[in-house]
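This briefing concerns a ligand site and the pocket around it.

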Amino acid sequence: MVIRHDGTFMKFVDEATVKVQAGNGGRGSVSFRREKFVPFGGPDGGDGGSGGSVFLRAEPGINTLADFRISRTYKAPHGDPGGSRDCTGRGGADLHIAIPLGTVVQDVDTQEIIGDLTLPGQGLLVAQGGRGGWGNQRFKSSTNRSPRQHGSGLPGERRTLRLELKVIADAGLLGLPNAGKSTLIRAVSAARPKVAGYPFTTLYPNLGVVSAGEHRSFVMADIPGLIEGAADGAGLGIKFLKHLQRTRLLMHLVDIAPPDPEGDPVKDARAIIGELKKFSATLPKKPRWLVLNKLDLLNAEDGDQRCREIVRRLRWKGPVFRISAATGQGTRELCQAVMTHLESVASASKAQD
Ligand SMILES: Nc1nc2c(ncn2[C@@H]2O[C@H](COP(=O)(O)OP(=O)(O)OP(=O)(O)O)[C@@H](O)[C@H]2O)c(=O)[nH]1
Ligand SMILES: [Mg+2]
């Protein structure tokens, strides 16, 4: 499945805390039948209505938790009290809160993960509405024909939730600062992250939709650059790697001609692979392609030689692409190959189902 976002520049807050409060159940009614010619009518107090519940719902069109930044409480309405003549009170309407697809929901107090919304339209009950209280007719018995008891209705559930958005991108870009990740996403999508010749230009992940023909597109994620020691907090750390956990392909961008005369693209590439391994056991096992960037900085012959040397020294066995994100050279071929790869993974997983 390829999930489409709207392709514009997206900068997002990826964590938020919200309070949810379901409605209380309505009070049960105490009432007695009053009818002509019936001197002692029995109890006829109806039950209270149930309080509204609170649900979260995953919406593919929302890409940010920014709207939840201002802490607020989402409340579902209470149930109405019961009425006479066995009338049950009206229930409070359920509240559905739209949140981005790919949000993980955790109960702050118990630390329990209560849901992981990965399917469009998927709902999650986060606060159950309180049941309405019994009306007095429920308390009728052979020994008590005119009960005055009633139930007061149960309180609605309350919870504090931590929302964490894990970007659902199909393919993710990895690389040192200045490798050209943002330049590439700008070249192939409508995303417009800042590009500059200094490290750590990108501070937040960005998503871009890459169109690869009619009705064929995939989402590419550009994350802040990694440096050696990132797992121990160097640079911006490795926390952004979590955004790549759900991608199906990693593109490892390497600058083939780093400006620093001491710079070595092979050492740089190994540093990134090392940080990946420190982050998790699963991320390094994802399909990873080597994308050699900035081909335009060398003449054809030197570029070819440099690329071969990098592949040989890295003992790289997987796919290799040579591009210039700045001029666009090779980027179309790269995107077509990514699309074909994603489609083959998608049809293979469908065949398994
Ligand atoms: N000549 C040339 N320069 C490039 C190419 N790709 C990127 N650059 C330059 O390299 C510098 C860094 O590019 P960015 O795209 O900001 O790099 P990044 O990987 O996103 O860097 P961070 O956001 O810091 O991690 C900029 O000055 C770009 O203009 C390329 O293919 N050729
Ligand atoms: Mg960048």
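Which polar backbone atom lies 2.8 Å from an oxygen atom of ligand 1? It belongs to Phe-200. The model is predicted: local features need pLDDT of at least 70 and side-chain atom pairs pLDDT 80 or more, while totals for chains, interfaces and linings use all residues. Residues are numbered from 1 along each chain as written, chains are lettered from A and ligands numbered from 1 in written order, and side-chain values use heavy atoms, leaving out hydrogens and water.

**Polar contacts of ligand 1**
- Polar contacts here are pairs of N or O atoms within 3.5 Å.
- A polar side-chain atom of Lys-294 is 3.0 Å from a ligand 1 oxygen.
- Ala-325 places a backbone N or O atom 2.9 Å from an oxygen of ligand 1.
- Taken alone, ligand 1 exposes 660 Å², of which the protein buries 87% (Shrake-Rupley method, 1.4 Å probe).

**Shell of ligand 1**
- Ligand 1 is surrounded by 24 residues (a heavy atom within 4 Å), and the closest are Lys-181, Thr-183, Phe-200, Thr-202 and Asp-296.
- Helix 1 (residues 181-188) gives the largest share of this shell, three residues (helices are DSSP runs of H or I, at least four residues; strands are E, at least two).
- The shell comprises 11 nonpolar, 10 polar and three charged residues, with Gly counted as polar and Asp, Glu, Lys and Arg as charged.

**Largest pocket**
- A pocket is an open set of points on a 1 Å grid over the protein atoms alone, where a 1.4 Å probe fits, with protein on both sides within 12 Å along at least five of seven lines; lining residues have an atom within 4 Å of a point.
- The largest pocket holds about 740 Å³ of space, the volume filled by probe spheres set on the points.
- Its lining has 43 residues, with Leu-176, Pro-177, Asn-178, Ala-179 and Asp-255 closest to the centre.
- Helix 2 provides the largest share of the lining, five residues.

Conventions. Polar contact = N/O pair within 3.5 Å; in protein donor to acceptor, adjacent residues only side chain to side chain.
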